[in-house]
Structures are given as structure tokens and as C-alpha cells.
Amino acid sequence: MIKNHFSGLGFIALVTNPSPSTESQATTGHAHAQGRRQAGRQASAGCWSCWPVFARQLERAMAEAVLEDGLCSFVRPLEKRDGTVLRLQQYGSGSVGCVVWDAAIVLAKYLETQHFSGGAAAGTQALRQRSVLELGAGTGAVGLMAATLGADVIVTDLEELQDLLKLNIKMNEHLITGSVQAKVLKWGEERKDYLPPPDYILMADCIYYEESLEPLLKTLKDFSGPKTCIICCYEQRTMGKNPEIEKKYFELLQLDFDLEKIPLEKHDEEYRSEDIHILYIRKKK
Ligand SMILES: C[S@@+](CC[C@H](N)C(=O)[O-])C[C@H]1O[C@@H](n2cnc3c(N)ncnc32)[C@H](O)[C@@H]1O
């Protein structure tokens, strides 16, 4: 369960910042709070009763990080099934995409499961030589995982995330068995340079502010083909406008796409959570 790895995170998250919920947060950021939330995850591979210890370790680590580079940067390790470790640079201040969100971890780890690889040995062939486009990639965690599983990946996000994406590609290039490149893609924009449609479009935690819903749907329509499988992982949030935003998103989505929910028991056995969902989305025929 996620809480075994991230225990303490719920506590911090509730106190500081439960979700990215507005466009301004997407571009200006309350990411210091998020950074604390994420760092809590790293510091917390233990039990609830150990939390005060982890909290102290976390405070110390954050203080050191601030002293070191002024950006309060910290690395989120993501262990793969083969024992290798993706290292994801995050920043404690900046835009909403500069930390790794839970949905990204859940989706990245799902790509390694036997269910995703269609019954073959977990994490092996399904992505080999497949084309993948990741939307709203943030740190690039999901796309990088796909690239280590043999996929040819384009990780996309706004201009302001490009340096972080490129840094994370560099930090993990020794693990990549397919290929990966970073590109700017703002949802809703007309683009001709990504054709033909990819085999997969991946998106983690991209449904969170109202103004983005229609542009995001336009991008999904423009970039997917009849055979593209869109895999959307999102955290179901109950606060503020989030339920309304999710409802609207799925209503609009279902005008053009069919949805299939992946049952929780098919997610990675450790990195799963009742409130984080994975959907396969395909263009209606
Ligand atoms: C909550 S973060 C999720 C980041 C990453 N997928 C993860 O789960 O760790 C949402 C991401 O969507 C990106 N985003 C928001 N609005 C966007 C837009 N209009 N066009 C492209 N990307 C956008 C943000 O920059 C951010 O990286």
C-alpha cells in the first residue's frame, strides 16, 4: 500500500496542500508545500509510530537541501522491479509539475505489472519499441519508466518544466533501453510535429483545474489515433471544486472516447491506493 511507503504524507498533505487545484497553482505554485509532501514520502518508509522521527529527519533534510542550492531540490528514488532505481529530481519551489505526484508513481509502477504486459513476465515486452507520448509529464517519472521498459517516449509539458525534464532524462539515461526526449506541448495548441499517433498516451494527475479541461480533451482528440491507448491515472479528490471538475471532465471525455477502469487488484501490489484510479481510454469507433 502506498501508505507503507509514504506514511506521514497524508498528515503533511492535509496540513499543507491537498491538491493542485487551480491554473495559477499550475504556473506559479505553492510547491514548497508540495515539496514537503513529497519529501515526506521519501523519508517515510516506516510505520506511523515512527513518524516523529521521520518528521525530524525530513526537516533536517529539507533544511540541508535549502542551504545547498537555494532551490530546495531533492531526489525521489523510484525502485524498479529489476532492482535498478530511477532518480527523479524535484524542486521545493516552482510550478506544480516540479514534484512527483502519487498518481505518477502508481502509473509508473503499473507499467511494470503483469496485467499491463498482457500476461507476459511483469514489466517486459509490452512497451518495447512502442511509441509513447506523455502529457503534463512534470518530472517525467512515468515517461522515464516507459523508456526503461523499451518504449520510444516523448515527455511533454509547459516550457517552464523543460529544464527539469531534461535533467531527469540525463540523470536516468543509463537505464533507458528505448529512447526519450522532452518537448513543449501546451494542451489545446495546434501541433503537426507529433504525427503519426502514438501507441500510448500516458497522463498522471492532469485533471485538476477547470480551464484546462477542454484544451486537454482537444489534445487527446488531436493526438490519438484509432489504435492509441490512452492511460490516465488520477487521484480522486474530495475537496473544493475537484469533484465537479472530475465529473465535467468525464462527461466531456465520454462524448468521444470509451473508458475502461483497471480494477485496483490489477495495479502494482504495493503502489496502489483506493483513491487513485487507472483508466484505459480509447477513441470511439
Ligand atoms: C499535478 S502535475 C502532474 C505532474 C506529473 N504528471 C506527476 O504526476 O507527477 C500537472 C502537470 O500538468 C502540467 N500542465 C498543466 N496545465 C498544462 C497545460 N495547459 N498544458 C500542458 N501541461 C500542463 C503541469 O505543468 C504539471 O506538470
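**View 1. Strands β4 and β5 side by side.** Strand β4 (residues 152-157) runs parallel to β5, and six bridges link the pair. Two strands count as paired here if DSSP finds at least two bridges between them. Strands are DSSP runs of E with at least two residues, helices are runs of H or I with at least four, and both are numbered from the N terminus. Look for D152, which sits opposite S179 in β5. Everything here is a predicted model: local features need pLDDT of at least 70, side-chain atom pairs count only at pLDDT 80 or more, and totals for chains, interfaces and linings use all residues. Residues are numbered from 1 along each chain as its sequence is written, and side-chain values use heavy atoms, with hydrogens and water left out.

**View 2. The whole open sheet.** Zoom out and β4 and β5 turn up in an open sheet of seven strands, ordered β5-β4-β3-β6-β7-β9-β8, with mixed pairing. The edges are β5 (179-184) and β8 (257-262), each of which pairs on one side only. On average, neighbouring strands of this sheet are turned by 20° against each other, direction ignored. Axes for such angles are lines fitted to C-alpha atoms (for helices, over the stretch in contact), and angles run from 0 to 180 degrees between N-to-C directions.

**View 3. Two helices lying across strands.** Helix α6 (residues 102-110) lies across β6 (200-204), β7 (229-235), β8 and β9 (276-283), and its angle to β7 is about 140°.

View 4. β7 pairs with β6 in the parallel sense over five bridges, and Y200 stands opposite C229 in β7.

**View 5. Cysteines without a bond.** The structure holds zero disulfides, a disulfide being a pair of cysteine sulfur atoms within 2.5 Å. C206 is buried, at 3% relative accessibility, but its sulfur is 7.5 Å from the closest cysteine sulfur, in C232, so the two are too far apart for a bond. C232 is itself buried, at 1% relative accessibility. Its sulfur lies 7.3 Å from the closest cysteine sulfur, in C233, again too far for a bond.

**View 6. L279 and its contacts.** L279 sits in strand β9 and counts as buried because its relative accessibility is 6%. Its C-alpha atom is 4.5 Å from that of K261, 18 residues apart along the chain. Leaving out residues up to four places away in sequence, L279 touches I230, I231, C232, Y234, F250, L259, E260 and K261. Contact here means heavy atoms within 4.5 Å.

**View 7. Around the ligand.** The ligand is surrounded by 20 residues, the closest being W101, G136, D157, A204 and Y209; a residue is near a molecule if one of its heavy atoms lies within 4 Å of it. An oxygen atom of the ligand is 2.5 Å from an N or O atom in the side chain of D157. A ligand nitrogen atom is 2.7 Å from an N or O atom in the side chain of Y209, and a ligand nitrogen atom is 3.0 Å from a polar backbone atom of W187.

Technical notes
Buried < 20%, exposed > 50% of the residue type's maximum accessible area, 1.4 Å probe, protein only. Polar contact = N/O pair within 3.5 Å; in protein donor to acceptor, adjacent residues only side chain to side chain.
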